[in-house]
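Please examine the protein chain and its ligand below.

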Amino acid sequence: MRKLQMVDLKSQYDKIKDTVNASIQEVLDNTTYVNGPEVHKFQKNLEEYLDVKHVIPCANGTDALQIAMMGLGLQPGDEIITADFTFAATVEVIALLGLTPVLVDVDPNTYNISVEAVRNAITPKTKAIVPVHLFGQVAEMEDIMALAEEHNLYVIEDNAQAIGANYKYADGSKKKAGAIGHVASTSFFPSKNLGAYGDGGAIFTNDDDLAYKLRGIVNHGMYERYHHDVVGVNSRLDSVQAAVLNAKLPLLNDYNKARREAADKYNKAFAGHADLIIPFVQGDDDSHVFHQYTLRVLNADRDALLKHLQEKGIPCAIYYPIPLHKQKAYADERYNEDDFIITNQLVKEVISLPMHTELDDEQIDYITSTVLEFLSV
Ligand SMILES: *Cc1c(COP(=O)(O)O)cnc(C)c1O
């Protein structure tokens, strides 16, 4: 059996080596390492793929979120509602900009931000909602957009984990994750569904004025060379990363399909087990692109299972072990434990198994039988 990895980037690279190498070689030959033609080409390719008017490439997914918030003109004191159960980048940039993070609980089925909890957290100071499409599944965007419209709020999608996922509206129509809110961010960190070979990120929007602002902010607030109209940052996707992404974007749908197929195989083995809750998929199959395959372990010692799997050569991880409202940096006496019942439970029960595009049947069988064996004793 091939060695198990949480993410197998080497096997994936081996299959696309010629295309990726040729794409990188072009950058080496034309020496436009920064802002080269590859970056512009990737921007156009991604705009077309997502069916969104503007893609603004930048240095990473955390910058993308920060720049999106800067572009919206959010001011210190403005309250930004986001999920308690996510990676810290989301709340970090809110705090960095002097905005007030308001963490709320998540949905017990999808683990995405609870629309009801958002509704209850809205105050006259609320300016934006940041849904995170956690583990690859799009949040309940139709309800979130309606709520935002009702209260005149911005919606910033953190799409770092769900690029390529489709959201299905009640009328059956579909849009790509990241093309629904006022603005969205994503990350091309190597392990993400569309991963570069280093850091990278992007911001998406359909709003022409906002896109104009964002293009200046990523480039030191310059709209005209050496004229700095606003305070900006320096955040660029470099040409080598864009070259890698140009080679990989045409494969994204196949990659997401491979992840879904691996998830289906896991599900087949685990469905109906009294000690496990398998991932819930809302809408059609293509609404979840399985950035992670995350189980909930009931009536058993999750940490002992984690240790057992690791001893058996199966990498696995806890995403996420501590709710953000309990992190030292983001704890606040405003928070009440009764408002975080689901997150507090999830952090004790979740475990994420290896999930990537290169998992074969032998590997999945070994993983599933090792999990089931542990639970049967
Ligand atoms: C990975 C990730 C980010 C940050 O992306 P970087 O490129 O690592 O800065 C932000 N939000 C979520 C939900 C993520 O998973």
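A polar contact is a pair of N or O atoms within 3.5 Å; within protein, one must be able to donate a hydrogen and the other to accept it, and residues adjacent in sequence count only if both atoms are side-chain atoms. The model is predicted, with local features requiring pLDDT of at least 70 and side-chain atom pairs pLDDT 80 or more, whereas totals for chains, interfaces and linings use all residues. Residues are numbered from 1 along each chain as its sequence is written, and side-chain values use heavy atoms, without hydrogens and water.

An N or O atom in the side chain of Asn60 is 3.4 Å from an oxygen atom of the ligand. A polar backbone atom of Gly61 lies 2.7 Å from a ligand oxygen atom, and for a polar side-chain atom of Thr62 the distance to an oxygen atom of the ligand is 2.5 Å. The protein buries 91% of the 390 Å² that the ligand exposes when taken alone (accessible areas by the Shrake-Rupley method with a 1.4 Å probe).

The residues surrounding the ligand include Phe87, Val132, Asp158 and Lys192 (a residue is near a molecule if one of its heavy atoms lies within 4 Å of it).

Turning to the domains, an automatic or database assignment divides the protein chain into domain 1 (16-104 + 111-250) and domain 2 (251-376). Their centres, taken over C-alpha atoms, are 25 Å apart. In domain 1, 39 residues are in contact with 33 residues of domain 2, where contact means heavy atoms within 4.5 Å.
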